[in-house]
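My notes follow in the order in which I checked things.

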Amino acid sequence: MHRFGEATRRVRIRRFASNASSYRVLVLGGGAGGQAVSSALSRRLGKGAVGVVEPASVHYYQPMWTFVGAGAKRFEESRKDMSDVMSSGVDWIKTAVTQFEPEKNRVATQDGKTISYEYLVVALGIQLDFHKVKGLAECVGKDGVSSNYSANTVRMTWKFLEDFKGGEALFTFPNTPIKCAGAPQKIMYLADDLWRKKGMRGNVNISYYSSLPVIFGAKKYAATLNQVAKCKDVNLNFRHNLVEVKGKSKEAIFENLDTQEKKTVKYDFMHVTPPMSPPDILKGSPLSDAVGWVDVDKETLQHKKYPNVFGIGDCTNVPTSKTAAAVAGQSGVLRENLLAAMRGQALTQKYDGYTSCPLPTSYGKLVLAEFDFNGEPLETFPVNQGKERRPFYFMKKDMMPFLYWNLLLKGRWKGPKMMRTLAHLGMNKR
Ligand code: FAD
Ligand code: UQ1
């Protein structure tokens, strides 16, 4: 029916001779969630059982981009060739999915092919919508405007921070769900520390403009972060949404979400977190809810209408903060539930909403927020993680990349639940 195409270092890229092919499990997306699930399932189901549809040639460890923007890591450390992270047991189908036909158990791809499946896992991530802020797409990466959220612009953050001569520095948070909801302020704290170390903080005004009514969703960590912002002399502006950027005159226009009034603010540097939304191909698809997120049960991760479809990560409507840490927690649940469904058994694994947002507050200190669906702390270590701590900073900067590349992507890291249970045996928090 089909033959193998070119062989890369380890992974087979499939080129189909016919227009149709079939997999026991088809995974859409080869990001954090797609890799974690496909490598684990291919070990359990054997070579050739799992196909991964992924058009990109490069896989990025996006959580490193805060440090890349702050000059603490090189951009190159955040990237690997997709062929190096794809498990040798899966077939990599190097194209984009363009259409879903869940009633027929098949998808269509950009290269005009059809792929059938017994089980489908949707792991398509979240889309960056720079174009939804007037003038932003034209000026991001130049004119003093940068964003850690894109591979194309993250290096400019460090250039602008390093070259900064003083003036108005703005940091924004959009009026949409985003991935890693702490990242818009992480870079602000590192910029503050950099400019202090350079002895120029007195010449800089730092302002945070967020569409949210609070600094952080989970209350325990919000208390610390309000304190950090105060100590750092950051001006906090809540319920303000960036609606336009005038790159040439360096002006940002914000809408007050309560009064709809618009206000123009001059800037010399601005770090923008763009609006985000479900990938366009999911909007209006049979797998999606009214907004476009893949419509899954928040505990089993099984699709609410199609029992042979599962979803993981940023593209789903699981009501937790969208992070790689959440993907880790979800990956073990999804894998076991999918295998149970294959055996005709009940789905027993339940995702508890675990997510984590490690917030560096300076070069050397970090608040390790970990919480559940309700924003209640689910902390791994037997110390109060609401405090800024030095060991957490180095764990995040130097150990997490190893854990991501070598365990999470290989489907061998299901989150720190086990560590948490062990670490809390008979221990009291300090
Ligand atoms: P992704 O990893 O984004 O993967 C989606 C994949 O789908 C991509 O490979 C893409 O090419 C592919 N795709 C898209 N469209 C198609 C299509 N049509 N067909 C086939 N494939 C397609 N998380 C943390 O846990 N801790 C942190 O400290 C942290 N910090 C962050 C800082 C920044 C600046 C950013 C940007 C993110 C951060 N995150 C952090 C979030 C984390 O990176 C994401 O939550 C995680 O990558 C989500 O995994 P995913 O598989 O859902 O999506
Ligand atoms: C985590 O599991 C994870 O995914 C690999 C991250 O993304 C890079 C994180 O930032 C964090 C904090 C975790 C949680 C892990 C521990 C050990 C607390």
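**Around ligand 1**

Helices (H or I, at least four residues) and strands (E, at least two) are DSSP runs, numbered from the N terminus. I note that the model is predicted, so local features need pLDDT of at least 70 and side-chain atom pairs count only at pLDDT 80 or more, while totals for chains, interfaces and linings use all residues. Residues are numbered from 1 along each chain as its sequence is written, chains are lettered from A and ligands numbered from 1 in the order in which they are written, and side-chain values use heavy atoms, with hydrogens and water left out.

The shell around ligand 1 has 32 residues, of which G33, E54, D314, A325 and K396 come nearest (near: a heavy atom within 4 Å). By class I find 16 nonpolar, 10 polar and six charged residues. Here Ala, Val, Leu, Ile, Met, Phe, Trp, Tyr, Cys and Pro count as nonpolar, Asp, Glu, Lys and Arg as charged, and the others, Gly among them, as polar.

I then checked polar contacts (a pair of N or O atoms within 3.5 Å). A side-chain N or O atom of K186 is 3.0 Å from an oxygen atom of ligand 1. From the backbone, an N or O atom of D314 lies 2.9 Å from a ligand 1 oxygen, and a polar atom of A324 is 2.9 Å from an oxygen of ligand 1. Alone, ligand 1 exposes 1000 Å², and the protein buries 89% of that (Shrake-Rupley method, 1.4 Å probe).

**Around ligand 2**

Which residues are the closest to ligand 2? I find Y61, Y354, S356, P358 and W413, out of 14 that surround ligand 2. A polar side-chain atom of W413 lies 2.8 Å from an oxygen atom of ligand 2. Taken alone, ligand 2 exposes 440 Å², of which the protein buries 97%. The most residues of this shell come from α9, which gives three. By class the shell around ligand 2 has 10 nonpolar, two polar and two charged residues.

**One sheet**

Last, I looked at an open sheet of three strands, in the order β16-β17-β18, with antiparallel pairing (two strands pair if DSSP finds at least two bridges between them). β16 (240-246) and β18 (262-266) are the edge strands, each pairing on one side only. β16 pairs with β17 (residues 251-256) over six bridges. I noted E255 in β17 as the bridge partner of N241.

How values were computed. Polar contact = N/O pair within 3.5 Å; in protein donor to acceptor, adjacent residues only side chain to side chain.
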